[in-house]
Amino acid sequence: MAFNVSVIARGTSGHASQPLKDNPVVQPFRSSGENRKLFRTVHFTSIVRRYFEGLAPLEDDEIGKWIRSMDTPDRGEHAQRVISDASPLWNSMLRDTISPTVADRGIRE
């Protein structure tokens with residue numbers, strides 16, 4: 001038995017270098033839970049660490065507090081989530097990312 005399925009996904013279009021939470025290309029796959037397992041690990045390279053050290057005093061008190069806490073053992077994981085949620089750019093600086101920009105269908109039924 002064959003049947004056709006139409007999928008409509010809405011969200012913000014963007015660039016592959018900065019994943020967005022409402023990327024319409026990945027919306028149909030969010031229910032699988034697989035994408036939540038990928039790309040969570042934060043990598044503090046020396047350049048990224050220096051960037052955030054220089055940025056912390058320039059940001060408002062709340063964001064500055066979380067930036068300074070990102071590399072601490074007790075609040076680091078939570079601070080990394082706060083900073084990642086605050087900016088797609090910061091999220092993409094902190095970890096390996098992937099952001100599909102095109103979806104295409106097959107040619108066979």
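Residues are numbered from 1 along each chain as its sequence is written, and side-chain values use heavy atoms, with hydrogens and water left out. Because the model is predicted, local features need pLDDT of at least 70 and side-chain atom pairs count only at pLDDT 80 or more, whereas totals for chains, interfaces and linings use all residues.

The protein chain contains 5 helices and 0 strands, where helices (H or I, at least four residues) and strands (E, at least two) are DSSP runs numbered from the N terminus; the order of elements is accordingly α-α-α-α-α. Of the 109 residues in the protein chain, 27% are buried, a term that denotes under 20% relative accessible area, with exposed set at over 50% and partly exposed in between (1.4 Å probe, protein chains only). Among contacts (heavy atoms within 4.5 Å) between residues at least 6 apart in sequence, 49% join residues at least 24 apart.

The largest nonpolar core comprises 13 residues, and those with the most contacts inside it are F52, I67, M70, I83, W90 and L94; such a core is a set of buried Ala, Val, Leu, Ile, Met, Phe, Trp, Tyr and Cys residues joined through side-chain atoms within 4.5 Å. At least two residues of this core come from each of α2 (46-55), α3 (61-69), α4 (76-86) and α5 (88-94). When residues up to four places away in sequence are not counted, I83 touches F52, I63, W66, I67, M70, W90 and L94.

The axes of α3 and α4, taken as lines fitted to C-alpha atoms over the stretch in contact, with angles from 0 to 180 degrees between N-to-C directions, come within 8 Å and cross at roughly 130°. The contact involves I63, W66, I67 and S69 of α3 together with G76, H78, A79, V82, I83 and A86 of α4.

Within α3, I63 has a relative accessibility of 15% and therefore counts as buried. Its C-alpha atom is separated by 9.2 Å from that of A79, which lies 16 residues away along the chain. Apart from neighbours within four places in sequence, I63 is in contact with I83, A86 and W90. In helix α5, N91 is likewise buried, because its relative accessible area is 15%; leaving aside neighbours within four places in sequence, N91 contacts S84 and T97.
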